[in-house]
Amino acid sequence: KENEMSAFAIYKLPHDRKATLMVQRQRDAVTSADLSLLNGESGFLLSPFMPSREEPCVLIDADECHTVDIDQLGSADWLRRLEQLEPCLHACGTIEDEDGREAYHKAFSRCYEALCEGRVEKVVLARTNFEPLRGHTPCEMFLQACRDYPRMFVALVSTPVSGTWLMASPEVLIQGNHTPTLPTEESWCGASFSTMALAGTMKLEGEQLKFDNPDRSGVQDIRWSQKNIQEQRLVATYIADKLKDFADGITEQGPYTTRAANLVHLRSDFTFQPRQGVSIGDVAAALHPTPAVCGLPKEEARKLLLESESAKRHFYSGFCGPLNVGGLTKLFVSLRCMEIGSDGCRLYAGGGLLKDSVEEQEWQETEAKMMTM
């Protein structure tokens, strides 16, 4: 059909007052099990935690692209436009609740044993929780998330491959502006890009809720535990080491405290210039998954998580965002997610475990993170 829609993404960048709607009609979105999909392509990218032939990366090559002020999303014209998206949502079917606290206890015990035995230095244990939709449509929830979380990347994405996901993420995987001198040029040589190390989590309470970034106003007496400091340092060291393999001019600033919803995290910012011949797929493959969503050593931690977690992550803790759209790339780690089904949604959250982690504290951290969605 002429107006049939195969996939769409609507998103807002951090600290931006505009939303972008990308719609793909008739043709199917491009899929690939390999991050080489990123090389030379453009569109809206959605990658799972572990790309595979069964669950590949998805690239929406938009036939239509519209930009609108956030304040105008509630206008009659845009409400009609968003309502037209609702019948095109790709639901993943019925979502069943997970085993909850007991399942987390078993997974934590298995991971903690691996930490104490020295098989891993850090592991990020995730869990899920079912919530009814309570009559709210995905587009209504996207608009509310844009209003509630101005500092965060907010996206609603729906494809036949992925189903429908809503997220409000504070974490950049890689971003920058690349304008090649030739149409087929893939090198980023001379371009400036950035990434971040975001780890450590604390819930804001009472007077601490006045804390604000980036202007640093409000309460400044936030004190970080040694566990959180160590966790963030592991992520920052990993990113610095990976960048040395394909970039020059690397700078690091931080760590400093940054806010995301009613949580704060420790953050370090990195800027770099990719070397001649380096592509975006090379950078993404090297960085993902970072110790902020997986662990160290990477392969040992990933194997442990596959054996321990009670639910598949799917597109949670993967990454997504505009890829080389007008020369701009802004890919974010898919955090603070919900997967939307026909009868409700599944919330996802995780927390970094070290040898001195306390199970109940880690459980409460995931509860706090799920409150975002």
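What share of the contacts in the protein with a separation of 6 or more comes from residues 24 or more positions apart? The share is 72%, where a contact means heavy atoms within 4.5 Å. The structure is a predicted model, in which local features need pLDDT of at least 70 and side-chain atom pairs count only at pLDDT 80 or more, while totals for chains, interfaces and linings use all residues. Residues are numbered from 1 along each chain as its sequence is written, and side-chain values use heavy atoms, with hydrogens and water left out.

Helix H2 covers residues 101-116. Its end C-alpha atoms are 22 Å apart, which agrees with the 22 Å that its 16 residues should span at 1.5 Å a residue; the expected span is 1.5 Å times one less than the number of residues. The buried residues of H2 are Ala 103, Tyr 104, Ala 107, Phe 108, Cys 111, Ala 114 and Leu 115. Seen down the helix axis, they fall within an arc of 125 degrees, so they line one face of H2; the arc is that of the directions from the axis to the C-beta atoms. These buried residues pack against strand E7 (122-131), helix H6 (298-308), strand E18 (345-353) and helix H7 (359-370).

Asn 324 has a positive phi near 50 degrees and sits in the loop between strands E15 (319-323) and E16 (328-333). Because its relative accessibility is 27%, Asn 324 counts as partly exposed. Arg 336 also has a positive phi, of about 50 degrees, and lies in the loop between E16 and strand E17 (337-340). With 6% relative accessibility, Arg 336 counts as buried.

Two cis peptide bonds can be found as well. One joins Gly 254 and Pro 255, with omega about 10 degrees, and Pro 255 belongs to strand E12 (residues 247-260). Another runs from His 288 to Pro 289, with omega near -10 degrees; Pro 289 is placed in the loop between helix H5 (280-287) and strand E14 (295-296).

Methods. Helices (H or I, at least four residues) and strands (E, at least two) are DSSP runs, numbered from the N terminus. Buried means under 20% relative accessible area, exposed over 50%, partly exposed in between (1.4 Å probe, protein chains only).
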